[in-house]
Amino acid sequence: MSKLFPNATQRTKAPYRFDIVGSFLRPETLKLARSQCQCGDISCADLKNVEDQEISKLVEHQKRVGLHAVTDGEFRRTFWHMDFLSGLDGVEEVDAKKFSVQFKHHNVRPRTLRITGKVQFGNHPFLDHYQSLQQIAGDFPVKFTIPSPTMLHLICIVREVEYQPIDLYKNNPQQLLTDLAQAYRDAIAKFYALGCRNLQLDDTSWGELCSEEKRAAYVERGVDLEQLAKDYVNLINEAIKDKPEDMTITMHICRGNFRSTWFSSGGYEPVAETLFGHCKVDGFFLEYDSDRAGDFKPLRFIKDQQVVLGLITSKSGELEDKNAIIERIKEATQYVDINQLCLSPQCGFASTEEGNILTEEQQWKKLEFIREISEEVWGR
């Protein structure tokens with residue numbers, strides 16, 4: 001029993017009181033192997049062997065730090081979202097003049113996505129990624145992360161000033177949303193059949209819709225932001241509507257994460273009622289490590305979802321003040337019951353293969369720190 005919160009209890013299902021977003025810093029061995037593979041010095045099979053070895057080490061380290069479910073660290077990806085989305089049928093990754101958003105102080109490799117045909121899940125390579133993780137983890141629970149379906153629409157249509165739909169979607173934009181939802185229903189069914197019971201949808205679209213600056217720019221272009229938010233909630237709900245009872249699907253929301261920088265700021269209030277009040281995911285992983293995410297008041301719209309407070313930054317290695325974090329958890333209980341709250345880093349440690357600006361040792365100390373706080377707040 002927690003001395004701080006007498007009614008607080010642990011959780012035995014995802015999301016857990018002590019949890020993670022998913023990505024981890026890439027070891028130098030893996031970075032070297034990927035570079036050698038790109039240059040043709042080693043084969044794809046050689047690269048996969050290195051990935052398997054490094055993911056095995058990562059899984060064991062996650063177990064040692066006390067996590068209740070392990071990820072593959074996104075070690076087989078270059079971007080948190082591009083690899084998955086470009087693996088869908090009807091989507092391709094292409095060169096661009098610049099990345100679709102501008103991060104503070106850093107430029108991302110200029111790549112984007114283009115819709116070239118009917119969007120479908122198909123024989124997606126991430127099915128092999130999931131199976132490999134499951135085999136490495138054995139009987140230990142695993143968590144798998146993929147981008148939210150909203151991200152394809154955001155990148156290809158909303159952010160793209162010169163978007164030209166293919167004939168299939170030209171006079172029927174709703175058809176794209178329908179196909180996207182079906183593609184994700186197929187994905188969820190296939191991951192579930194392979195044993196996946198803990199799936200996370202990563203989504204930065206809501207971070208943009210929280211930004212006054214970005215909202216103003218979209219409105220100037222004629223985007224109906226209220227309708228867009230409703231369309232996105234409906235898209236997610238349609239995508240997960242066939243989710244089996246014993247499968248947990250959560251959503252992670254942040255404002256960008258590349259080399260310890262971000263691309264948007266603003267509290268959740270502009271989207272809170274639509275998103276928290278109507279989106280039927282089992283839980284939200286919410287960025288809350290800085291003033292850029294605003295206060296906890298928008299959490300008043302939360303229904304029965306779990307809220308994983310991302311109070312610990314993954315953008316730097318410096319540890320926060322433990323008492324200050326506990327006070328912030330207490331503050332959040334003004335709007336959400338303590339047993340609907342959990343704790344995690346605000347984002348992954350490496351949303352792209354470059355990784356954030358901290359060391360692997362600092363990365364693990366962050367997680368040990370979160371575990372200690374979760375044990376104090378919710379008990380062992």
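Modeller: Let's take strand S7, residues 306–312: seven of its seven residues are buried, where buried means under 20% relative accessible area, exposed is over 50% and partly exposed lies in between (1.4 Å probe, protein chains only). Strands here are DSSP E runs of at least two residues and helices are H or I runs of at least four, numbered from the N terminus. Bear in mind that this is a predicted model, where local features need pLDDT of at least 70 and side-chain atom pairs count only at pLDDT 80 or more, while totals for chains, interfaces and linings use all residues. Residues are numbered from 1 along each chain as its sequence is written, and side-chain values use heavy atoms, with hydrogens and water left out.

S7 has a parallel partner in strand S6 (residues 283–287), with five bridges between them; two strands count as paired if DSSP finds at least two bridges. Across that pairing, valine 307 of S7 faces phenylalanine 284. S7 also pairs in parallel with strand S8 (residues 341–345), this time over four bridges, and there leucine 309 has leucine 343 of S8 as its bridge partner. To get from S7 to S8, the chain passes through helix H12 (residues 322–332) in a right-handed β-α-β crossover, which means that, with the strands pointing away from you, the path from the first strand over the helix to the second runs clockwise.

As for confidence, the protein chain has a mean pLDDT of 92, and 93% of its residues reach 70 or more; pLDDT is the predictor's confidence in each residue, from 0 to 100.
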